[in-house]
Amino acid sequence: MFKAQYASIASLGLLVFVVQPAAAVSYNLVKDYSGSTFFDEWVFYDHFDNLTNGDAVFVSASTAASSKLAFVDSGSGHAIVKVDNTSQVPSNEKRNTVRISTKDRYAVGSVWVADMFHVPFGCSVWPAWWSQAPDWPIGGEIDTFEGVNQVTHNQMGLHTTTGCNQVSPVQSSTLVNSTNCDHLADSNLGCIVTNPDAASYGQAFSAAGGGIFVTELASSGISIWFFERKNIPSIFSSNSSTIDTSTLGTPTANWPTGGCDVNKFFEPQALILDITLCGDFAGAPTVFSQTCSGNCYTDYVIGPPSTYDNAYFELGYVRVYGSGNTVVKGNGAAQIGLSSAYTWLFCGTLLLGMLWFN
Ligand SMILES: *[C@@H]1O[C@H](CO)[C@@H](O)[C@H](O)[C@H]1NC(C)=O
Ligand SMILES: *[C@@H]1O[C@H](CO)[C@@H](O)[C@H](O)[C@H]1NC(C)=O
Ligand SMILES: *[C@@H]1O[C@H](CO)[C@@H](O)[C@H](O)[C@H]1NC(C)=O
Ligand SMILES: *[C@@H]1O[C@H](CO)[C@@H](O)[C@H](O)[C@H]1NC(C)=O
């Protein structure tokens, strides 16, 4: 997710590239988050937004369940993740919402698919469906879906350490905002592509029945596809347990490994779904004023909840596919503790020491 200064990218305009499509890779289903067990293997952040300065409290699993901010709808079987739209929030307080991340992480050689019927929107609302490695910016970040306030198009992007650029993508007629993925460049703008599909965000998204977001983290590059519901490929609608991404056509956004060595810049990713309010992106005055009026916090977050009736995700499933052994089992604690690499290094050193002294 980006952190500051967006005005500078408006001047970059439209770039179109045409190159060869990527080679075929097939993947097998390794994880299915859906139905009554949808929320079982995620970590709830359980702290106010100290990551992007949002005016939001990301609640615990128990609060999310008891106040119905994260639940499975018994009628549709869909998972709902939402902002509190029932409470009056007093001045100087933040509004409750949700940030969840998967306990397991998914390495290079993975594809994740999110089936969504509704995405959050409205003034002050900043939702994202994204992923990152535990030691950000080391190990990279992939933003599959992100929008703020009342924008009408989804934006996608990567954030990395220095040396990753979007060069010669296969995507066509997509809107490229910026090509340097380095978090140190352009105030961590990232390398951003805007989805040209007007049904990729906001009211138009749910009016078209939603759709699926497909994210491929492959050695050959990172690709994202968005399919409106009427265009969902049969390998997904038939719930095939094996998929071949070469059948999906040209990605909506693509970052080939030529400009960004995927194996160097990307480590196993935890998948994250969150909705914050205002903060570094949605609340930046120059961004906020593009689609909303007034003050992000005082005119929307506090007081009556009426702004937030559309501030929810409705998901059919999140499915993850892998080619080979790409699942890193975890309890999610790595996000705030030692990275598993350090843990292994530490354990390995201990083991070597024990062997040596025996
Ligand atoms: C990205 O570029 C498109 C096309 O120029 C523009 O409509 C959009 O506002 C830009 N996005 C941002 C976040 O500046
Ligand atoms: C946010 O708060 C959590 C819980 O106190 C803490 O572990 C984490 O380090 C904080 N993160 C930042 C960026 O301040
Ligand atoms: C595929 O899975 C979804 C969600 O579990 C289910 O609603 C749908 O009926 C399934 N479709 C087929 C063709 O099996
Ligand atoms: C909150 O939003 C949901 C989803 O749009 C809606 O069904 C519900 O009626 C809203 N609650 C209130 C109190 O407005």
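These legends walk through several close-up views of a predicted model. Residues are numbered from 1 along each chain as its sequence is written, while chains are lettered from A and ligands numbered from 1 in the order in which they are written. Because the model is predicted, local features need pLDDT of at least 70 and side-chain atom pairs count only at pLDDT 80 or more, whereas totals for chains, interfaces and linings use all residues; side-chain values use heavy atoms, with hydrogens and water left out.

**View 1. Ligand 2 and the residues around it.** Start with Tyr 45, His 47 and Asn 50, the residues around ligand 2 (a residue is near a molecule if one of its heavy atoms lies within 4 Å of it). Look for an oxygen atom of ligand 2 that sits 2.3 Å from an N or O atom in the side chain of Asn 50. The side chain of His 47 also has an N or O atom 3.4 Å from an oxygen atom of ligand 2. Taken alone, ligand 2 exposes 360 Å², and the protein buries 39% of that (accessible areas come from the Shrake-Rupley method with a 1.4 Å probe; for residues, only the protein chains shown count as cover).

**View 2. Ligand 4 and its shell.** Here you can find Asn 85, Thr 86, Asp 309 and Tyr 312 surrounding ligand 4. This shell divides into one nonpolar, two polar and one charged residue (Ala, Val, Leu, Ile, Met, Phe, Trp, Tyr, Cys and Pro count as nonpolar, Asp, Glu, Lys and Arg as charged, and the others, Gly among them, as polar). A polar backbone atom of Asp 309 lies 2.5 Å from an oxygen atom of ligand 4. On its own, ligand 4 exposes 360 Å², of which the protein buries 46%.

**View 3. Ser 200 in its loop.** Ser 200 belongs to the loop between strand E15 (191-194) and helix H2 (202-207) (helices, H or I, of at least four residues and strands, E, of at least two are DSSP runs, numbered from the N terminus). Ser 200 counts as buried because its relative accessibility is 0% (buried means under 20% relative accessible area, exposed over 50%, partly exposed in between, with a 1.4 Å probe and protein chains only). Its side chain reaches the backbone oxygen of Asp 197 at 2.6 Å and the backbone nitrogen of Asn 154 at 2.9 Å. Leaving aside neighbours within four places in sequence, Ser 200 is in contact with several residues, including Phe 145, Phe 205, Phe 213 and Phe 226 (contact means heavy atoms within 4.5 Å).

**View 4. Aromatic rings.** A search of the whole structure finds 14 aromatic pairs (rings of Phe, Tyr and Trp, the last by its six-membered ring, pair if their centres lie within 6.5 Å; planes under 30 degrees apart count as stacked, over 60 as edge-to-face and the rest as tilted). One of them joins Phe 38 and Phe 39 edge-to-face, at 5.0 Å centre to centre with 70° between the planes. Phe 38 is buried at 1% relative accessible area, and Phe 39 is buried at 13%. The rings of Phe 145 and Phe 313 have centres 6.0 Å apart and planes at 70°, so this pair is edge-to-face. Phe 145 lies in strand E12 (residues 141-146) and Phe 313 in strand E21 (residues 312-322), so the pair ties together parts 168 residues apart in sequence. Both Phe 145 and Phe 313 are buried. Together with Tyr 201, Phe 205, Phe 213 and Phe 226, they form one aromatic cluster.

Definitions and conventions
A polar contact is a pair of N or O atoms within 3.5 Å; within protein, one must be able to donate a hydrogen and the other to accept it, and residues adjacent in sequence count only if both atoms are side-chain atoms.
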